[in-house]
Amino acid sequence: MAQPDSKKIFFENLSGAGKAIAVLTSGGDAQGMNAAVRAVVRMGLYVGAKVYFIHEGYQGMVDGGENIEEASWESVSSMLQVGGTVIGSARCKEFRSHEGRLKAAHNLVQRGITNLCVIGGDGSLTGANLFREEWSGLLAELVDQGLIEADAIQKYSALHIVGMVGSIDNDFCGTDMTIGTDSALHRIIEVVDAIMTTAQSHQRTFVLEVMGRHCGYLALVSALACGADWVLIPEMPPEDGWEDKMCQKLSATRSRGTRLNIIIVAEGAIDRHGKPITSSFVKDLVVKCLGFDTRVTILGHVQRGGTPSAFDRILASRMGVEAVLALLETTANTPACVVSLCGNQSVRLPLMECVQMTQEVQKAMDEKRFEEAVKLRGRSFENNLKTYKLLAHRKPESELPTSNFNVAVLNVGAPAAGMNAAVRSAVRVGISEGHKMFAVSDGFEGLWKGQIKEIKWADVGGWTGQGGSLLGTKRTLPAKHIDKIAEQMRKHNINALLIVGGFEALLSLLELLTARGKYDEFCVPMVMVPATVSNNVPGSDLSIGADTALNAITTTCDRIKQSASGTKRRVFIIETMGGYCGYLASVGGLAAGADAAYIYEEPFDIRDLQANVEHLTEKMKTSIQRGLVLRNENCNDNYTTDFIYQLYSEEGKGVFDCRKNVLGHMQQGGAPSPFDRNFGTKISAKAMQWVTKKLTETFRQGRVFANSEDSCCLLGMRRRALVFQPVVQLKDETDFVHRIPKEQWWLKLRPLMKILAKYKTSYDVSDAGQLEHVVRNRPKESDASVAM
């Protein structure tokens, strides 16, 4: 497929010829480790290096023999969607001893391996760094013992280490997300959603225990994602007397008509005196104090199992490629680094700085400096905790500020999973800040028809896990009925608007901005939170709903590929949604292991199609049994899904047969993913806080009057932070004809998909991670912040 011209630096000058790279997984397993291994192997082979598997982690390195096996392109086929680690992981006491590391060094030198890619937790990475520091001494010992030649010391003088963090607990400082965390959240939320239905039937309280011996991330984020009534985590033990407060909260929730309660407990939860708080203790407490029918569910190793989520596959694939690039660029003086994620950017950080920061968190917890422990976990963790407290614990009316402002919330455009979480968050934050909140049904159509009513705290209970739009949403733009909308705004005295929606929401804000000259009613703060499966809103790298759609695509592609298991060779042509935006096709293709993805943003012709067919035919003859080709619905008027299906069917005769599938609206439906629930919750809370600030700033002489450009904004995810941008400034960044941004960050991921599918292509490394330093509370505004 045609490549866009670029004068940026490409990695052709980074050759791996003559180098040997070994990849191992160590410590506890995590979903997505296989995607990382696959990316390391294929990128390593792509640049001309020899790549080795080390089976069973450090134990395999110490034992040597068949445990260290040369990898081929085909040896990592069909492992992208497999959970756990197929090369095995084991805890190894022997490697902790000097003798064990001496054996490991001997086994590596025998194969000429001086580059190690370690996927594991902080213990595994610390062990790798110690091994690196001892390397030259270990080689000298091996020469003295006559096990290697003297010239080997010069030839293999330095051991290069790059780490990737694979841990479901997300307990490693320096990265927003570790490989496996998002998948573990998927397992937890699937269980919580299922439990909620039975709890509601019987009016039960459920106490769920999740993993996290030293880190409460899973408990905290799952509590945020399901709207749990109470959460107990090791970093922030509850104040003394918490038992009575929790029971009062549960009782108050029931008295408002709720039929269930959910309490989430991290396995390492403690009180202020360091005494463990177990799930059984919490259950007995609720039964004794309130008499509620209460059950305990301990999730255990279910959280480690299952197929990796789309997020983890993409994160691991990006990190694996970045790890190989880091190894190619490393010198004898480069410190061991860990490849991590900040926002949606790859960064490289000194391994030991991250390890030391991680150990500082535990030290702070041991010394009961809990506030500091939360801060050391990073701004993301701190924001999660603040947002949870804000949304879960309702202040008494007497403690609420009285602002006398009316704020309306509405959904605009097509439904997207996570919209309801965003609305719930906006409503509850608004009420907490003293505003009167109004819900508008059916977007601007409902607004001009007067479908506006006050919405209370309890009205949005249980909304986070609901798909679609409970408020109702329409694509109708306001311009046609602008006078009626102004009349309704005046009638209900609406002082601010918060819109959750897609491209139509942006167009709507631009129309309202224009109408300010004629109608004072629109001279109020207005903010938009992007929510669309297409992820085509300018000003934001990510939209609410896109992650859920990606998971739907990835899961379906897995099943479709599996349907051909054991049959003759077969290629599947899959059509995705997205309008003219190729995000779902491209990033879904990367997550599902596609061979090609056709999109509007990257023009293609019949020669490209022919080259793809020939490439796939060659692969089918030699190795793979199943091929996957994705096509964005509007990528080309003439090369339709039917045309591509017929072309592949004809040209592949005798080698493979072909099937086609149009995924359609299943990409828009379903329960929102944990990522979309949390992204929607946090971005909407931030938008509501901005509204409060603007209302205070623009309230003069008894009325709100806001007519500056910066009082009509879009809140979007930009690289590493959430940023408010005046919508008028986004005009120049927008292709209004095709409803897409003129520049899209994810286009840089397309060569990655091609490389992993064995195409020769150029990969832009101008944006590759440069070695940075760990900074306390780096700006990590978004949580699962965002590899997609």
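Alanine 22 stands opposite leucine 116, a residue of strand β4. The model described here is predicted.

Strand β4 covers residues 115–120, and six of its six residues are buried, so the strand is largely enclosed by the rest of the structure. The side on which each residue lies can be listed. Asn115, Cys117 and Ile119 point one way from β4, while Leu116, Val118 and Gly120 point the other way, and all are buried.

A separate region holds an open sheet of four strands in the order β7-β8-β6-β9, with parallel pairing. The edges of this sheet are β7 (230–232) and β9 (294–298), each of which pairs on one side only. On average, neighbouring strands of the sheet are turned by 15° against each other, direction ignored. Helix α7 (residues 217–226) packs on the sheet and touches β6 (205–210), β7 and β8. The direction of α7 makes about 165° with that of β8. Between β7 and β8 (residues 261–266), the parallel pairing runs over three bridges. Within β8, isoleucine 264 stands opposite valine 231.

The cysteines were examined next. A search of the whole structure finds zero disulfides. Cysteine 92 is accordingly in no disulfide, and the nearest cysteine sulfur, that of cysteine 117, is 19 Å away. Cysteine 92 has a relative accessible area of 9% and is therefore buried, the cut-off being under 20%. Cysteine 226 is likewise in no disulfide; in this case the nearest cysteine sulfur belongs to cysteine 215, at 17 Å. Cysteine 226 also counts as buried, because its relative accessibility is 3%.

A further buried residue is found in a loop. Asparagine 535 lies between β17 (526–530) and α18 (546–563). Its relative accessibility is 3%, so asparagine 535 counts as buried. The side chain of asparagine 535 reaches the backbone nitrogen of serine 543 at 3.0 Å. Leaving aside residues up to four places away in sequence, asparagine 535 touches Asp541, Leu542, Ser543, Ala546, Cys581, Tyr583 and Gln744. Among these contacts, Ser543 is the residue whose backbone nitrogen the asparagine side chain reaches.

The confidence of the prediction was also considered. The protein chain has a mean pLDDT of 91, and 95% of its residues reach 70 or more. Over residues 1–10, however, the pLDDT is below 50, and this stretch has 27 contacts in the model beyond near neighbours in sequence. Residues 778–788 likewise have a pLDDT below 50, with 71 contacts in the model beyond near neighbours in sequence. Where pLDDT is low, the predicted coordinates should not be read in detail.

Terms used
Residues numbered from 1 in each chain as written. Predicted model: local features only at pLDDT ≥ 70, side-chain atom pairs only at ≥ 80, totals over all residues. Heavy atoms only, no water. Pairing = 2+ DSSP bridges. Helix = DSSP H or I, 4+ residues; strand = E, 2+ residues; numbered from the N terminus. Axes fitted to C-alpha atoms, helices over the stretch in contact; angles between N-to-C directions. Contact = heavy atoms within 4.5 Å. Buried < 20%, exposed > 50% of the residue type's maximum accessible area, 1.4 Å probe, protein only. Polar contact = N/O pair within 3.5 Å; in protein donor to acceptor, adjacent residues only side chain to side chain. Disulfide = S-S within 2.5 Å. pLDDT = per-residue confidence, 0-100.
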